[in-house]
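Here is a short note to read alongside the structure. Please keep the sequence and the view open while going through the points.

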Amino acid sequence: MESALGFDCPNQNDDERPVTEAIQLTCARDSTAIFRTTFLAASKAARAAGHCGGTDTLCGRSALRSAAAISGIAETGVFLRVFCHGKTKCCQKNPDTEEIECKCSPKDLIELKRSDKSDRIQCARFSGSSVKLMGSAALAAGEAEGQCKFSKTAESSCQTMPGAVFAGLGFFIENAARASRDCPPKPVPLSAEERKKDIILGPSDPTQFYQCGQNTHRLGSSLDVAARGIAGAVVNCPYGDLDRVTKPIKSMRRFFTP
């Protein structure tokens, strides 16, 4: 909220700064993030009230989680707008000067291709995140319906499973893209000075190994969620109003973040 009000969103006292698309997108990112994190905080408060008061507040918690995931879908839309684009041309119009500027040397073309590749990876990452959040919203909404009715039937458990499958598959796409970005080695630097550093430090940042390991772990977690969702649907969906065979699948924290 501080970032949106103080820096990113246009206001009446900021007449000198033109309202560009970049400013509008940053403002939209902050605004949707405010709603997402507020709903998540409210879900934690609802659960705390249940623990502290000895009452069942799972219905409210799940409904708020679903709202948080829906807000997250809007937030990822901003990132999709930024990163999902066609090939960047070496001659582009400068929006500030209204003039065509060209950077078409061999080095410039290589840098543009590397930048486009990085953006494609980010586009795939946030596309997967969008699918994950859609599945998480459906999963939490299905949980809320069963919890609000105090239903523990196979049908109430069944209706949460398709959302879990989509959430798991979206999480897999997201982390496959993250792994392609974070796992070593890095591309060879174009400048001679940076290449000299690589001779001493090596071509890969040590933090990349940690991030690569995290992404690989999450790939396994995502497939686990998707597989349990499919299995849960198979064993619960045919039995309608009978007692459920398995409980709804629990959602991890990362299933509610872009």
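Are Glu-174 and Arg-178 buried or exposed?

1. Both residues are buried: Glu-174 and likewise Arg-178. Please bear in mind that this is a predicted model. The side chains of Glu-174 and Arg-178 form a salt bridge, with 3.3 Å from N to O. The two lie four residues apart in helix α6 (residues 161-182), so about one helical turn separates them.

2. The structure has eight salt bridges. One of them pairs the side chains of Glu-21 and Arg-81, at 2.7 Å from N to O. This pair links distant parts of the chain, as Glu-21 sits in helix α2 and Arg-81 in helix α3, 60 residues apart. Glu-21 is partly exposed, at 40% relative accessible area, and Arg-81 is also partly exposed, at 47%.

3. Another salt bridge joins Arg-29 and Asp-30, whose closest N and O atoms are 3.0 Å apart. Arg-29 is partly exposed, with a relative accessible area of 29%. Asp-30 has 9% relative accessibility and therefore counts as buried, the cut-off being under 20%.

4. Helix α2 (residues 21-53) and helix α3 (residues 58-83) have axes that come within 8 Å and cross at roughly 165°. Angles over 145 degrees count as roughly antiparallel, so α2 and α3 are roughly antiparallel to each other. The residues of their contact comprise 16 nonpolar, four polar and eight charged. The crossing of α2 past α3 is left-handed.

Notes: Residues numbered from 1 in each chain as written. Predicted model: local features only at pLDDT ≥ 70, side-chain atom pairs only at ≥ 80, totals over all residues. Heavy atoms only, no water. Axes fitted to C-alpha atoms, helices over the stretch in contact; angles between N-to-C directions. Parallel < 35°, antiparallel > 145°, perpendicular 65-115°, else oblique. Left-handed = near helix turned anticlockwise from the far one by under 90°. Nonpolar A, V, L, I, M, F, W, Y, C, P; charged D, E, K, R; others polar. Salt bridge = Lys/Arg side-chain N within 4 Å of Asp/Glu carboxyl O. Buried < 20%, exposed > 50% of the residue type's maximum accessible area, 1.4 Å probe, protein only.
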